[in-house]
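Please prepare a short briefing on the structure shown below.

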Amino acid sequence: MTLTYVLMQNLRRNPLRSGLTAVAFALPMGVFVVAISLVVLLIQIGEIAEKELRLATRNKTSLTSMLPEGHRRKIEGLDPNRERLRAVCGMRWFGGRIPGEPNALTSLAADPDTFPIVYSDVGMTADDIAAWNAKRTAAVIGRGYADQYRWAVGDRLVLQSTVPPYLELEFHVVKIIENKERANVFYLRRDYLDESLLAAGEEAGRCNIFWTKCNSAAALRSLQAEIDENFANSPEETKSEDENAFGANFMQAGGDLPGLMRTMAFVVLYIVALVAGNTMVMSFRERTREIAVFKAIGFQSRRIFTIVLAESTLLALVGALCGVVPTAIGLTLFPMTQLRIGPLATIEVSPIAVVASLVIAVLVGLAAGLWPAYQALRLRTVDALRRIA
Amino acid sequence: MSNVEIELRDVHKVYYKNQIDIPVLVGLNLQVHEGQFVVLMGPSGSGKSTLLHLIGGLDTPTAGSIRVGDSFLESMNERELTSWRSRNVGFIFQMYHLVPVLTAAQNVELPLLLFKMSAAERRKRVETALNVVGLSDRMDHRPNQLSGGQEQRVAIARAIVTDPRLILADEPTGDLDAKTSEEILNLLNLLNREFGKTILMVTHDPRAASHGERTLHLDKGVLERDEPTPKRAVAAV
């Protein structure tokens, strides 16, 4: 037998209390892991975005206000020698959904000639590009959607737009994107969309956003300013930002998600610390006499301090593991693609999140055990024995 | 005549509570020889338990000197006293105070964790101690699977497993029925006679007191009488 064994057995002293405390740790820690994994994912998306050197230009008023497709030529005209930019791709929101299903897919109509250049990270081969160019109805879809709806290259499918005039269009899958960051996206050809809009008597030739692929970070920064200057004081002023900033603002539009995650994480930690602290204080109070006997037998005060602190930490760690392990397994076996939340659906359990959760659990356990451990340290054996008698 | 194991010289103990001095022991002088079984009796508040705690190194005197073996307890700090206790004293309490989540054997093993000893050596000592108290067949039972008397036996085994020179028992039969009390007291007698342990026992029960060879009567912190126990004295003859 070792003191570690005694420590672990102490957790079994009141199984209901230990169990409830562990559950109180488990659930918040599980949420914490998801929250931190989300933050890690957002950082990873940001890092990729930085690497791709794409500049987003949208209507200064809002993303939903469109710009004329002529803006593309004007943007291209700022660098006729293609020293700073490689290509510009106009995109328009399609918002298609599978007929009969309620939710729209993240579906965007892209300029067919420049899409493979501006979105080179999609990984289109020469054959893919040929197929994309050959068919007006070509669609490039993410692996998430492909798995979810069991679509394969060559499949025919129909989507109905969720924006007026609610066009129902047919598509043919020519490429499945394997990148995790683009698991849940659907790209169609904008010329196909425009033809269909015109056929329906609707206005065509408008884009929600223009993506400019730049040759360098410096080129991106210079073009960012120039583009907006070029359209300043025009009926359709623009706002240009790098992909990272665009993504961050996009997330902010739906609420400050990273901020919400951080707040949630702190609230979680606060509650967990209170629960753990309460458990340890109750546990210590019940065992005052036992601690007195330990001291009488010959256990030094400092050792008892360590035992009480270790017990609290162990309880926290066990509870955290009860939350972290099932969450990690759950997210791995049941990815959040069903939630249809764009890039967030590709969230994976981050090792950083797991380690951070366990470290935080240990720290919370230490903090929660500090006061009872201090009381145990200071406990006068004689006084406690008198209380026993 | 055996050596003087315990010697108290002009020991005073005063507690300070709510700015009032409460004298608990007043000018106590006492000698206990090695291998004696001494009973401490007196009304509540007479200082019996305080005397036990002082001799056991759980508390320090306000004045005076306490020698146990070669150690002068009044000059030791808390750390030194704790270390001294682990090697020299075995405590037996009225309410046993076994750890409920450990088995009988594990409870007995607890004091041995303070020493550098192999698991095999610890196991051997635990088995010996439980054998002495007659509970070899209950080693793997938890306290809630034992009777009150059996729990106290385990507590006694825990007190003797380190082979201390001194056993201090504070009302060891206070929570037991008459028959079980007699068994426990006979066990203490065994430890005293067969193993030569010096035992100090606090009790209110005159029947329990008759198992000692000497009885000290305290009242209001003063040693009023120090006399051989008649029944035991006869048995000794």
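Predicted model: local features only at pLDDT ≥ 70, side-chain atom pairs only at ≥ 80, totals over all residues.

Residues are numbered from 1 along each chain as its sequence is written, and chains are lettered from A and ligands numbered from 1 in the order in which they are written.

**Terms for burial and secondary structure**

- A residue is buried if 20 or more other C-beta atoms lie within 10 Å of its own, exposed if 12 or fewer, and partly exposed in between, with C-beta atoms placed from the backbone.
- Helices (H or I, at least four residues) and strands (E, at least two) are DSSP runs, numbered from the N terminus.

**Strand β12 of chain A**

- Strand β1 (residues 54-59) of chain A pairs with β12(A) in the antiparallel sense over 5 bridges; two strands pair if DSSP finds at least two bridges between them.
- E241(A) in β12(A) is the bridge partner of A56(A).

**Chain A as a whole**

- Chain A has 14 helices and 12 strands.
- Its radius of gyration is 29 Å, well over the 21 Å that the globule rule gives for 389 residues, so chain A is more spread out than a compact globule. The radius is taken over C-alpha atoms, and the globule rule is 2.2 Å times the number of residues to the power 0.38.
- The C-alpha trace of chain A spans about 95 × 45 × 35 Å along its principal axes.
- Chain A is divided into domain 1 (3-45 + 257-388) and domain 2 (61-236), with bounds from an automatic or database domain assignment.
- The C-alpha centres of these two domains of chain A lie 48 Å apart.
- Of the 389 residues of chain A, 40% count as buried.

**Where chain A touches chain B**

- In all, 20 residues of chain A are in contact with 24 residues of chain B; contact means that two C-beta atoms, placed from the backbone, lie within 7 Å.
- On the side of chain A that touches chain B, the elements giving two or more residues are α1 (3-10), α11 and α14 (381-388) of chain A.
- α11(A) gives the most to this side, with 6 residues.

- F91(B) is found in strand β6 (residues 89-92) of chain B.
- F91(B) is buried, with 26 other C-beta atoms within 10 Å.
- Leaving aside neighbours within four places in sequence, F91(B) is in contact with A296(A), I297(A), G56(B), A159(B) and L168(B).
- Helix α2 (residues 78-88) of chain B has L81(B), T82(B), R85(B) and S86(B) as its buried residues.
- Seen down the axis of α2(B), these buried residues fall within an arc of 135 degrees, so they line one face of the helix; the arc is that of the directions from the helix axis to the C-beta atoms.
- The cover over the buried residues of α2(B) includes α11 (288-297) of chain A together with β6 of chain B.

**The sheet of chain B**

- Chain B has an open sheet of 4 strands in the order β2-β1-β4-β5, with antiparallel pairing.
- Its edge strands are β2 (20-33) and β5 (71-72) of chain B, each of which pairs on one side only.
- Strand β4 (residues 63-68) of chain B is joined to β5(B) by 2 bridges, and R67(B) has F72(B) in β5(B) as its bridge partner.
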